[in-house]
Amino acid sequence: MDQPTVGILHPGSMGAAVAACAATNAAAVLWCETGRSTASVERAAQFGLTPVATMAELLERSDIVISLCPPAAAEDLARDVAGHRFAGVYVEANAINPVRTQRIAALLAPAAAVVDGGVVGSPPVGGKTPTLYLSGPADATARIEALFAGTAIQAAALGTEVGKASALKLSYAAFQKTSRVLVALAVGMAREHGVDQELIEVASKRTDSYLSEPQYVAKTAARAWRWGPELEEAADALAAAGLPPEVLRAAASTLARWHEVKDNSELTLTDALDRLAQP
């Protein structure tokens, strides 16, 4: 199979790293630099992505397009792509619920083949090896598996039903991200009563307890701007399944208190807990 040209929408920390892996088996990986931030430009250059001036040019040249953006923007972005009558393979890899993924598939059909994708794990840098779960038309998912063959991303097909990959991603996110939020609340409560170190000592006696990793609270705060919308998506998925979504909505509300510290790598545990305590 000839090497495809790949377009990435848009190269955030995950998107740029995923695009760099795709470059292993692609003729080129394109991104649209118009209207993007200086950080995006620097990130794209760091990962060796090829800039183009317009979305129209990216879509015209690309055989495969991968969408990795904040969840709230996923449908608007897909609508923009559909307006250009893109006719290749569109990988909807955002953390959105299965119903939204299916709406996007319907929006892009029949011109494009839509593959539902869900990345589980950290960006593929520094030895990290996330899994990209895929569902959708067999020939299209096979192309995406071939695209990431031999890279740090492990591609795994779940079948032909669009929505399965999104469901798996959100199911995992619902536990993993909410658990981190609960750690912040537990440590914050214990600190208020002067027993935070004792709490950590209790938790450290248990295997794989998030409570024994309070230093991760600062990382949770820095990622809250992404995690909150993702948990709202997971809450919608729970509600659609007839399950109570309130726990996840409450966790998303808690994360919103950290919105102003977006991607702050210098945040300390004390800073994060202080911000969490502010109304």
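These are legends for a handful of close-up views of a predicted model.

**View 1. The open sheet, strand by strand.** Eight strands make up this sheet, and reading across it gives the order E3-E2-E1-E4-E5-E6-E7-E8, with mixed pairing. At the edges sit strand E3 (50-52) and strand E8 (154-157), each of which pairs on one side only. From one strand to the next, the twist averages 30 degrees.

**View 2. Strands E1 and E2 side by side.** Here we zoom in on strand E1 (residues 5-9) and strand E2 (residues 28-32), a parallel pair with three bridges. To get your bearings, look for threonine 5, which stands opposite alanine 28 in E2.

**View 3. Strand E7 and its two partners.** E7 is joined to E6 by five bridges, and those two run antiparallel.

**View 4. The largest pocket.** This one holds about 1,400 Å³ of space. Its lining runs to 49 residues, and Ser13, Met14, Pro123, Arg223 and Arg226 are the ones nearest the centre. At least two lining residues each come from helix H1 (13-22), helix H2 (38-46), E6, H7, helix H9 (216-222) and helix H10 (224-240). H7 gives the largest share, six residues. By class, the pocket lining splits into 24 nonpolar, 13 polar and 12 charged residues.

**View 5. The one cavity of 30 Å³ or more.** Rolling a probe the size of a water molecule over the atoms shows where empty space is left. The largest cavity contains about 40 Å³ of space. Around it you'll find Val18, Ile66, Leu68, Ala93, Val119, Leu132 and Ile153. What classes of residue make up the lining of the largest cavity? Seven are nonpolar, with no polar and no charged residues.

Terms used. Residues are numbered from 1 along each chain as its sequence is written. This is a predicted model: local features need pLDDT of at least 70, side-chain atom pairs count only at pLDDT 80 or more; totals for chains, interfaces and linings use all residues. Side-chain values use heavy atoms; hydrogens and water are left out. On a 1 Å grid over the protein atoms alone, a cavity is a set of points where a 1.4 Å probe fits but cannot get out, and a pocket is an open set with protein on both sides within 12 Å along at least five of seven lines; lining residues have an atom within 4 Å of a point. Grid points are joined across faces, edges and corners, and a volume is the space filled by probe spheres set on the points. Ala, Val, Leu, Ile, Met, Phe, Trp, Tyr, Cys and Pro count as nonpolar, Asp, Glu, Lys and Arg as charged, and the others, Gly among them, as polar. Two strands pair if DSSP finds at least two bridges between them. Helices (H or I, at least four residues) and strands (E, at least two) are DSSP runs, numbered from the N terminus. Axes are lines fitted to C-alpha atoms, for helices over the stretch in contact, and angles run from 0 to 180 degrees between N-to-C directions.
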